[in-house]
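I opened this notebook to keep track of what I looked up in one structure. The entries follow the order in which I went through it.

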Amino acid sequence: MRVLELFAGAGGAALGLEAAGFEHAALVELDPDACNTLEESGLGPIVRGDVRDLPAIEWVAGSSIDLLWSSFPCQAFSIAGSRLGEHDERNGWPWTVDAIDWFEPKAFIGENVRGLLSFDYFEETILADLKKRFKHVGFWLLNAADFGVPQHRRRVFIWAAQRPLVPPRRTHGPGMFTKPWVTMRQALKLDGQTVIGGGNNPNQAYPERRYRDLTNEPSTTIAASQAGTSGPFVHHHGRNTEANPNQERPVPCSEPAPCISGKGNEILDRPSPAVLANEVKGHTNPHVDRGRAAAVSRASDALFLATGRRRLTVAECATLQGFPPDYPFQGTKKAQYRQVGNAVPPKLAQVVAETVLL
């Protein structure tokens, strides 16, 4: 079956669609770095352009489309954004409807953040638009961790077809009749301070690497700003938190370091928090209140609590998303983080796409 994919990004959904057995009629993407990634990965054919240029897309894809997949932009509906919904200029739903009308696919799947469900626009416009065009319409809220991805990533999948689709059955979870979730520790091979992958060249395979043992080496420079504190402190990254209360809180020497015990190690033994497009910024402030689940807002927060490292590498983010280890992300480091964080986990796309083939 032939699939036309809109807002293809770096190819996460594309990998899953092809694993499910679909052949790409075209992948449409505007971002040049993501297009370069698609090209280097061997996925295609690629339409480097706007999803609104339907004649150009048809010239590449043809007119016979079995499935139209649209990962229309989520920023308009994400809880992390301004939540302008249909009033956001990045709302790609109207463009998706135009493509449905142009190609008249046999089935449709749309993917977006779960925040979409809190908008009246979801039921009054999105579902209503699909009901005018397909006999059966529905949606599922799925967690990537339930299908073997080492990450809690909850996404809405909207489907429309000429027959009812059956939701994919989860294969992993805490229950008796599933496999255990794949944990962050297992995926990244974290064992104490041991880390696999990463470095400045994340597109290559790396041998195991460890943090250097500094036990018998001289300490780093003792800054004058360390004077005047109310007792011995370990300053993270050499920052003077007494002078700037907005910086990271120093951890008293009498407290266990987050990489040794506490909530950090517990977090490693579960799927990671969601990998975000802004992981390049590193962790937030999860160490300020380790007891609050809300304090861990991105995957790098969990890594920081467990190892003290500021952020995940691009390669580690890609691993948590379920990309192949040698996937060739292109562009600047910031662009690569953005591509990984915006991607659909390939395995999650696969199990959803397979429901169309059943």
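**Entry 1: Arg-185 and its partner**

I started with Arg-185, which counts as partly exposed because its relative accessibility is 22%. The model I am reading is a predicted one. I then looked for a charged partner and found that Arg-185 forms a salt bridge with Asp-269, with the closest N and O atoms 2.7 Å apart. The two residues come from distant parts of the chain: Arg-185 sits in helix α6 (residues 184-188), while Asp-269 is in the loop between α7 (263-268) and α8 (299-307), 84 residues apart. Asp-269 has a relative accessible area of 47%, so I noted Asp-269 as partly exposed too.

**Entry 2: Other salt bridges**

I noted a general point before going on: side chains of opposite charge can pair when their charged atoms come close. How many salt bridges does a search of the whole structure find? I wrote down 9.

One of them joins the side chains of Arg-338 and Asp-31, at 3.5 Å from N to O. I placed Arg-338 in helix α10 (residues 333-342) and Asp-31 in the loop between β2 (23-29) and α2 (32-41); the pair links distant parts of the chain, 307 residues apart. Arg-338 is at 30% relative accessibility and so counts as partly exposed. Asp-31, with a relative accessible area of 22%, is partly exposed.

I also looked up Lys-106, which forms a salt bridge with Asp-66, the closest N and O atoms being 3.2 Å apart. Lys-106 lies in the loop between α4 (93-103) and β5 (107-113), and Asp-66 in the loop between α3 (54-61) and β4 (67-70), so that distant parts of the chain, 40 residues apart, are linked. Is Lys-106 buried or exposed? Lys-106 counts as exposed because its relative accessibility is 54%. Asp-66 is buried, because its relative accessible area is 11% and buried means under 20%.

**Entry 3: Helices that pack on α4**

I looked at α3 and α4 together. They pack at an angle of about 50°, and their axes are 11 Å apart. That angle makes α3 oblique to α4. I recorded the crossing of the two helices as right-handed. Which residues make the contact? On the α3 side I listed Leu-54, Pro-55, Ile-57 and Glu-58, and on the α4 side Asp-98, Ala-99, Trp-102 and Phe-103. Sorted by class, the contact of α3 with α4 has 6 nonpolar, no polar and 2 charged residues.

I then turned to α4 and helix α5 (residues 120-131), whose axes come within 10 Å and cross at roughly 10°. I wrote down α4 as roughly parallel to α5, because of that angle. In this contact Trp-93, Pro-94, Val-97 and Ile-100 of α4 meet Tyr-121, Thr-125, Ile-126, Asp-129 and Leu-130 of α5. By class, I have 7 nonpolar, 1 polar and 1 charged residues for the contact of α4 with α5.

I went back to Asp-98, which is found in helix α4. Asp-98 counts as partly exposed because its relative accessibility is 42%. I also checked Asp-98 against Val-51: they are 47 residues apart along the chain, and their C-alpha atoms are separated by 9.4 Å.

Next I looked up Thr-37, which lies in helix α2. Thr-37 is at 0% relative accessibility and so counts as buried. Setting aside neighbours within four places in sequence, I found Thr-37 in contact with Ala-10, Tyr-327, Pro-328, Phe-329, Gln-330 and Gln-339.

Arg-48 has a relative accessible area of 45%, so I put Arg-48 down as partly exposed. C-alpha to C-alpha, Arg-48 and Leu-30 are 5.5 Å apart in space, and in sequence they are 18 residues apart. Not counting residues up to four places away in sequence, Arg-48 touches Glu-29, Pro-32, Cys-35, Asn-36 and Glu-39.

**Entry 4: The whole protein**

I ended with the totals. The secondary structure comes to 11 helices and 11 strands. Of the 358 residues in the protein, buried residues make up 48%. I also looked at contacts between residues at least 6 apart in sequence, and 63% of these join residues at least 24 apart.

Conventions. Residues are numbered from 1 along each chain as its sequence is written. This is a predicted model: local features need pLDDT of at least 70, side-chain atom pairs count only at pLDDT 80 or more; totals for chains, interfaces and linings use all residues. Side-chain values use heavy atoms; hydrogens and water are left out. A salt bridge is a side-chain nitrogen of Lys or Arg within 4 Å of a carboxyl oxygen of Asp or Glu. Helices (H or I, at least four residues) and strands (E, at least two) are DSSP runs, numbered from the N terminus. Buried means under 20% relative accessible area, exposed over 50%, partly exposed in between (1.4 Å probe, protein chains only). Axes are lines fitted to C-alpha atoms, for helices over the stretch in contact, and angles run from 0 to 180 degrees between N-to-C directions. Angles under 35 degrees count as roughly parallel, over 145 as roughly antiparallel, 65 to 115 as roughly perpendicular and the rest as oblique. A crossing is left-handed if the near helix is turned anticlockwise from the far one by less than a right angle, and right-handed if clockwise. Contact means heavy atoms within 4.5 Å. Ala, Val, Leu, Ile, Met, Phe, Trp, Tyr, Cys and Pro count as nonpolar, Asp, Glu, Lys and Arg as charged, and the others, Gly among them, as polar.
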